[in-house]
Amino acid sequence: MKIIIPNIAVPEVKYTFHCLIKEFLGLEYKIETSPTAKDFTIIIGSKKLVIQNHFFKNDDPQVLYQKQNLPTQVISNEWIIEGKQYPLYAIFGKPTWTETKDEIIVEADIIAATFFMLTRWEETLAGERDKHQRFLGKNSLAYQNGFLEKPIVNQYVEIVWAFLQKSKITQTRKQRTFEIVPTHDVDIPFLFPSFMYGLRTIARYLISPTYFWDGINYLKFYLKGEDPYDTHEVFLEGAEKLGVKAHFFFMAGCHNRFDPRDQLAHPKVKALIEKIKKRGHQIGLHPSYKSYDDPTIFSQEKKRLEKVAGQKVTTGRQHYLRFKNPTTWNLWENENMKWDSTMSYADEIGFRNGVCYPFPVFDIFARKKLNLLERSLILMEGTLGLYMDISLDKAKGRVGELINQVKKYDGDFVFLWHNSSLNLRQYSKYNSILTEIYNYKK
Ligand SMILES: [Zn+2]
């Protein structure tokens, strides 16, 4: 298979083909630039698959990534290829394709659309942020056009594969299996690490109008000698029931009021880390609030957790899902991290990168692919309870549909549940969703 691309935005286009063809489909190809090419052409024998270029007409990131280059509307369509139906959202170009004897012409620019979703260049544009400087899911093109809960890049992968098969490709695609990936940001490992700490915490809850009833609830735990945050066993057993590894991301620094008080040095936390390791589950880093654009803090916290855990730490997720594009990814890259799982909107569940496969990230300003992989987070229980505040029934329906989507593409269903949520009123109403995930039968 040979791919011919224009001599414009070469690193960007090469990166996108690398993700689609090599990472996701597992196929080999040669890629060449041509000064006369305007579109992207995949050649297999005498057959040509032409994907129209509607976006990469300039080399300069400052020119490419501008608000005026965002479509105002995304049109969806259903394509029939060799008798099978394929959903498609055309972010750039038209939602159609045509065919002659030796040529298929795809009028939707799925290269630009894939690049748009994977790099999230939309999120570098000036605009509204929340009080934690986060880009809001509600403001994304995906949410506004009703496709945030659809992995549209996976849809493109299937379309490319269908056309390659139609063109009689002889290579076979990479085999994948659907996987549930439980992750846990351990913000506060224990609510009562010590007698006095416990009393002070309960007092704080009891004087808060919002958390009064949680304070009463916690007091009951306290009097029984139990800790309402010590729910780690539920996560260990749940993952073991599924036959998968759970990922526990620990904090290793406290620099402002959005970071919980540091517990990493506490013997109970050390014992918890040992237990997680012994049971074969994974320890990762949950870098603190300010670390997302601070290499010194990030590096210190990584080293500290590695020392306590007695092992290298190469995975994790930013606290509060704080993320600056592409600064945060570069911090992770420079610390030799293998994968990050920060990419989810705090305010809306779904596919922030439009994909349920791990993928290498791209620095849009340095114009290069990094080694770091992103494993986008698809569901956080806090989004259901704090931001969306939807009923259990509605949440079950939405989560069930997300899992169906991931299963359809044999992807990774990465979800986040906090140990603190199981006994906190605001979130405990969703506990049965967690139970259903753990009971999920492939
Ligand atoms: Zn956190």
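This is a predicted model: local features need pLDDT of at least 70, side-chain atom pairs count only at pLDDT 80 or more; totals for chains, interfaces and linings use all residues.
**Entry 1: Ile31**

I count two residues as in contact if their C-beta atoms, placed from the backbone, lie within 7 Å. Leaving out residues up to four places away in sequence, I found Ile31 touching Ile3, Ile5, Lys14 and Phe17. Ile31 sits in strand S2.

Is Ile31 buried, exposed or partly exposed? I found 17 other C-beta atoms within 10 Å, so Ile31 is partly exposed. A residue needs 20 or more such neighbours to be called buried, and 12 or fewer to be called exposed.

I also checked one longer separation.

**Entry 2**

Next I followed S2 into its sheet. I read an open sheet of 6 strands with mixed pairing, in the order S2-S1-S3-S4-S8-S7. Strand S2 (30-34) and strand S7 (93-99) are the edges, each pairing on one side only. On average, and with direction ignored, neighbouring strands here are turned by 15° against each other.

Strand S1 (residues 2-6) runs antiparallel to strand S3 (residues 40-44), and I noted 3 bridges between them. Lys2 has Ile43 in S3 as its bridge partner.

**Entry 3: H1 against H3**

I turned to helices. Helix H1 (residues 10-24) packs on helix H3 (residues 110-119) at about 85°, and their axes are 10 Å apart. Angles of 65 to 115 degrees count as roughly perpendicular, so H1 and H3 are roughly perpendicular to each other.

Which residues of H1 meet H3? I listed Glu12, Val13, Thr16, Cys19 and Leu20 from H1, facing Ile111, Thr114, Phe115 and Leu118 from H3. Sorted by class, this contact has 6 nonpolar, 2 polar and 1 charged residues.

**Entry 4: H6 against H7**

I looked up another helix pair. Helix H6 (residues 195-206) and helix H7 (residues 212-223) meet at an angle of about 155°, with 7 Å between their axes. The cut-off for roughly antiparallel is over 145 degrees, so I can call H6 and H7 roughly antiparallel. The crossing of H6 past H7 is left-handed.

On the H6 side I wrote down Gly198, Ile202, Tyr205 and Leu206; on the H7 side, Phe212, Asp214, Gly215, Tyr218, Leu219 and Tyr222. The contact divides into 7 nonpolar, 2 polar and 1 charged residues.

**Entry 5: strand S9 and its two partners**

How many residues of strand S9 (residues 179-186) are buried? I counted 7 of its 8, so the strand is mostly covered.

I found S9 running parallel to strand S17 (residues 412-416), with 5 bridges joining them. Glu179 stands opposite Asp412 in S17. S9 also pairs in the parallel sense with strand S10 (residues 247-250), over 4 bridges. There, Asp185 is opposite Phe249 in S10.

**Entry 6: helix H12**

I came back to S17 by way of a helix. In helix H12 (residues 381-388), I marked Glu381, Gly382, Thr383 and Leu384 as buried. What covers these buried residues includes strand S16 (379-380), helix H13 (392-408), S17 and helix H14 (425-428). Just after H12, I noticed Asp389 with a positive phi of about 45°.

**Entry 7: the S14-S15 hairpin**

I looked for another positive phi and found one in a turn. S14 and S15 form a hairpin with 4 residues between them, and Arg367 in the turn has a positive phi of about 60°. Strand S14 (residues 359-363) runs antiparallel to strand S15 (residues 368-374), joined by 4 bridges. Phe362 stands opposite Lys369 in S15. S14 is mostly covered, with 4 of its 5 residues buried.

**Entry 8: Lys268**

My last stop was Lys268, in helix H9 (residues 267-278). I found 15 other C-beta atoms within 10 Å, so Lys268 is partly exposed. What does Lys268 touch, not counting residues up to four places away in sequence? I noted Phe190 and Pro193. Lys268 and Lys442 are 174 residues apart along the chain, and 35 Å separates their C-alpha atoms.

Technical notes
Residues are numbered from 1 along each chain as its sequence is written. Axes are lines fitted to C-alpha atoms, for helices over the stretch in contact, and angles run from 0 to 180 degrees between N-to-C directions. Angles under 35 degrees count as roughly parallel, over 145 as roughly antiparallel, 65 to 115 as roughly perpendicular and the rest as oblique. A crossing is left-handed if the near helix is turned anticlockwise from the far one by less than a right angle, and right-handed if clockwise. Ala, Val, Leu, Ile, Met, Phe, Trp, Tyr, Cys and Pro count as nonpolar, Asp, Glu, Lys and Arg as charged, and the others, Gly among them, as polar. Two strands pair if DSSP finds at least two bridges between them.
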